Amino acid sequence: MNLKKILPNAILLAIICAICFSAPNAPAMAAGERTKLEKKDLKKLRKQAANRARRIVYNDDGCHAVKGTTAEDWLACRVKQVTNTQVDTISYCTGGGGVFWSHQAKVGEVLGAWVEEGHGEYVKQMRDILIALNKQGTDPLGVVIDYAHKNNMEVLWSYRMNNPECSFATWALSTRKREHPEYIMGTKDDWKKYPHSNPKAWYTLSDYERPEVRDHIVNIFEDVCRRYDIDGIELDFIRHPLFFRPNLEGKPVEPRHVAMMTDMVRRIRAVTERESIKRGHPILVSIRVPLSVKSCMDIGLDIRAFLEEDLMDIMIAGQDYIQMSVASSLQDMVELGHKYQVPVYALLVPPKPYDRYRHDNRAWWAAAMNRWYWGADGIYLFNLFPTEPDERFSQLGSVESLKGRDKIYAIDNPAQEDVLGTFKMAMVGPNRLPITVEPNKYATAKLPVGEDIVANTPAGKTVSTLLRLRLASMVQGDTFEVKFNGRPLTVTGPVNPLSATPSSAWFHVKFDPKLVKAGYNAISLQLVTKRPASTRVVLDALDVVVTYFDAAAKNAK
């Protein structure tokens, strides 16, 4: 791309868009709607608001393919589908990287100038409905706030703190980044130079070492807090969790970087406190972070300082990978948050591997039950797009609604996931696969199960359990011994016959459901083979399928 040729036109387009999208008062709170709030009462009211019950917090990325021109068209795409479900809070994202596709920003850039670089018709549709709603005196964020409040739902405005997806979706690459390459971490050539598993490929990452970048972020939050009747803001540090250059090399950030980030969060909290007093009710600060204090520090987030200095009202804990086995790390974060009376919500995104778990609700039920068991105050759903009614929004937010449902409890294997480079520093996943298995020595995997599956059996039903394992590099004649919580199980053979050529093989082992306990379960394996004692195979997939079925039907058989 020749920026020298493009920029003059870009500037003209930006001016046109600024005129077309100008809506200075439409979505803002009217002065008459504000009530007086004394500063001395603010903290108490914040704590009360932060600790209200939220069964499910639903993150909507606001990036909708909407064919239409009205508020009703916008709401019909995704928002109405979560009405009268267990969703108590909508975390509404309107953009990232400085370009906003779902609200009329005064700080930052409204979608429009670079639409012709879009990846499909949906980008033009978003631009067109923005223009249409603006003429009607509103915008998508204002529409969602109004609808949610009328339906007893809370709204947090979510901002993706470093969204480098404009490295490939250049319709979202802001004029600011185009004109100030010093604000980003790479060049356009990096996208083709490096694999996407390398963080250096994501060249449009904002460089938070630059004070101009941090100042701009604070101003973006101030603009929204001043003009929209939001219940809170969300600093989404998981999209994407890379803010300083040492992370490009796989190294933790330096103490000075941590200090920069803490100072920025302090400034954002100062904004919310000031605007809370002006409007007469608290604006909460929710922060989305990795699943350990260490990982937070590695990327520049001093979460202990956030808590000790009262900079955070709500914690969202979790990353976009490793969804099934988050038990011990989640428990640590819950205990930390609760020490400061800060509720902790557990992230749940489509479980991976996608082909095995994403479209199987049994895996979702199990993943949610684990989060409840290990202390989460609620479930935070991300990257679900409910264009149609979806039962997950009515089931995941309660232990009672999950009891007695068929489930798949599994251990994650990040090696099977196509992990993007920007996420690697923030990944937390103890007790994960793969595990090496050898002769004459047991190797143990730890499977978290967030319930007593026998006690939760519905009346008139019985429960069965099936252990599924996949072992790589198995050959004909190989088998293994397995113990479940110390009790030997009977292995009958692979699902498909083995051959002389080493290959992966699934094994299905039925066992007594009473062996499963709430908490961690130990599955121990050792290889049985006629090959040399130095032979090694790899356990790369493991889950337990829990099935409830009619007891009378079983007895009839």
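Colleague: With which residue does the side chain of R78 make a polar contact of 3.1 Å?

Modeller: A polar contact is a pair of N or O atoms within 3.5 Å; within protein, one must be able to donate a hydrogen and the other to accept it, and residues adjacent in sequence count only if both atoms are side-chain atoms. In this predicted model, local features need pLDDT of at least 70, side-chain atom pairs count only at pLDDT 80 or more, and totals for chains, interfaces and linings use all residues. Residues are numbered from 1 along each chain as its sequence is written, and side-chain values use heavy atoms, with hydrogens and water left out. Here the side chain of R78 pairs with that of D60 at 3.1 Å, and with the side chain of H64 at 3.4 Å.

Colleague: Is R78 buried or exposed?

Modeller: R78 is buried (under 20% relative accessible area, with a 1.4 Å probe and protein chains only), because its relative accessible area is 8%. Beyond residues up to four places away in sequence, R78 touches (heavy atoms within 4.5 Å) several residues, among them Y58, F385 and P386.

Colleague: How does the span of helix α9 agree with its number of residues?

Modeller: Helices are DSSP runs (H or I, at least four residues), numbered from the N terminus. The expected span is 1.5 Å times one less than the number of residues. Helix α9, residues 255-279, has 25 residues and should therefore span 36 Å; its end C-alpha atoms are 36 Å apart, which agrees.

Colleague: What follows just after α9?

Modeller: There G280 takes a positive phi of about 95°.

Technical notes. Buried < 20%, exposed > 50% of the residue type's maximum accessible area, 1.4 Å probe, protein only. Helix = DSSP H or I, 4+ residues; strand = E, 2+ residues; numbered from the N terminus.
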